[in-house]
Structure formats: structure tokens, C-alpha cells
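My notebook is open, and I am ready to look up a few things. Follow along with me, one entry at a time.

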Amino acid sequence: LWTSSVSNNFTTKQTAPSPPQNINTERVGARFVTVKWSSPVYENGVVRRYKVFVQFENSSSSTNWQRVNKTLNAQQTQLTLHGLTPVTTYSVWVAAINIDS
């Protein structure tokens, strides 16, 4: 004699995706640059959007990263940044965002 058990289905939560891959700059001008990247290797769910940050190279503080005021959907894997200062070195950082990150 035995009793049956009731099954319980569940879905695990998403985690933060890995960083976008192959971040490159193209079409570098005196006051603009186009930044391109490819999707993360591990999306760990569904990537919904990207955030792009930029920093002057001579700024060593991590608090000086400025978010580019544009939200890009997951299909947009490039962005042209305008209004840059000539003869200035910049760093660019791209983050992939899913619903839980």
C-alpha cells in the first residue's frame, strides 16, 4: 500500500546577465563615436535593454561614470554618442539588463 504525492511545479528566477561581448568603437570623430556590442554569452533570462555609461579616461573615480540618457531595447546593439570633447580619451561601459537585474 502506498499514497500518491501531489506534484508542485516551479520556475527559478532570472539572474543578472553576463556582460555584453565585443564592445567596439567605430566611426570615431572629433565630437562623436559609434559604440557597438554583441549579446551576453549568458543571458540568464531574457535581456530587456542595455544601459551605456561613459567616463573621461583621466577620471579615476568609479562615481564619475555617467549614464547615457537613452534606454536601448535588446535588439539595439549600437549607439552613436554625440557632444564629445575633441582630443579627449573616454571609456565606455555597456550593461545588459533583464527583468530581475
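How many bridges join strand E2 to E6? I looked this up, and five bridges join E2 (residues 32-38) to E6, the two running antiparallel. I noted the rule for pairing too: two strands pair if DSSP finds at least two bridges between them.

**Entry: ground rules**

I remind myself that this is a predicted model, where local features need pLDDT of at least 70, side-chain atom pairs count only at pLDDT 80 or more, and totals for chains, interfaces and linings use all residues. Residues are numbered from 1 along each chain as its sequence is written, and side-chain values use heavy atoms, with hydrogens and water left out.

**Entry: the whole chain**

I found seven strands and zero helices in the chain. Read from the N terminus, the elements run β-β-β-β-β-β-β. Both kinds of element are DSSP runs numbered from the N terminus: helices are H or I with at least four residues, strands are E with at least two.

I then checked burial, and 27% of the 101 residues count as buried. Buried means under 20% relative accessible area, exposed means over 50%, and partly exposed is in between, with a 1.4 Å probe and protein chains only. The chain exposes about 7500 Å², and carbon and sulfur atoms supply 49% of that area. Accessible areas come from the Shrake-Rupley method with a 1.4 Å probe; for residues, only the protein chains shown count as cover.

Among contacts with a separation of 6 or more, 64% are between residues 24 or more positions apart. Contact here means heavy atoms within 4.5 Å.

**Entry: a sheet of three strands**

I traced an open sheet with the order E1-E2-E6 and antiparallel pairing. Its edge strands are E1 (21-26) and E6 (78-82), each of which pairs on one side only. On average, neighbouring strands of this sheet are turned by 20° against each other, direction ignored. For that angle, axes are lines fitted to C-alpha atoms (for helices over the stretch in contact), and angles run from 0 to 180 degrees between N-to-C directions.

E1 and E2 pair in the antiparallel sense over four bridges, and Gln21 stands opposite Ser38 in E2. The two strands form a hairpin with five residues between them, and Arg27 in the turn has a positive phi of about 50°.

**Entry: Thr34**

Is Thr34 buried or exposed? Thr34, in strand E2, counts as buried because its relative accessibility is 3%. Its side chain makes a polar contact of 3.4 Å with that of Arg27. A polar contact is a pair of N or O atoms within 3.5 Å; within protein, one must be able to donate a hydrogen and the other to accept it, and residues adjacent in sequence count only if both atoms are side-chain atoms. Leaving aside neighbours within four places in sequence, the contacts of Thr34 include Asn24, Thr25, Leu79 and Thr80.

Next I followed Leu79, which lies in strand E6. Leu79 counts as buried because its relative accessibility is 10%. From C-alpha to C-alpha, Leu79 and Val33 are 8.3 Å apart in space, yet 46 residues apart in sequence. Apart from neighbours within four places, Leu79 is in contact with residues including Val35, Trp37, Val52 and Val68.

The largest nonpolar core has 15 residues, and those with the most contacts inside it are Trp37, Tyr50, Val52 and Leu79. E2, E3 (47-56), E6 and E7 (90-98) are the elements that give two or more residues to this core. E3 gives the most, with four residues. A nonpolar core is a set of buried Ala, Val, Leu, Ile, Met, Phe, Trp, Tyr and Cys residues joined through side-chain atoms within 4.5 Å. Not counting residues up to four places away, Val52 touches Trp37, Leu72, Leu79 and Val92, among others.

Asn22, in strand E1, has a positive phi of about 55° although it is not a glycine. Asn22 is exposed, with a relative accessible area of 57%. Val87, in the loop between E6 and E7, also is not a glycine and has a positive phi of about 55°. Val87 counts as exposed because its relative accessibility is 91%.
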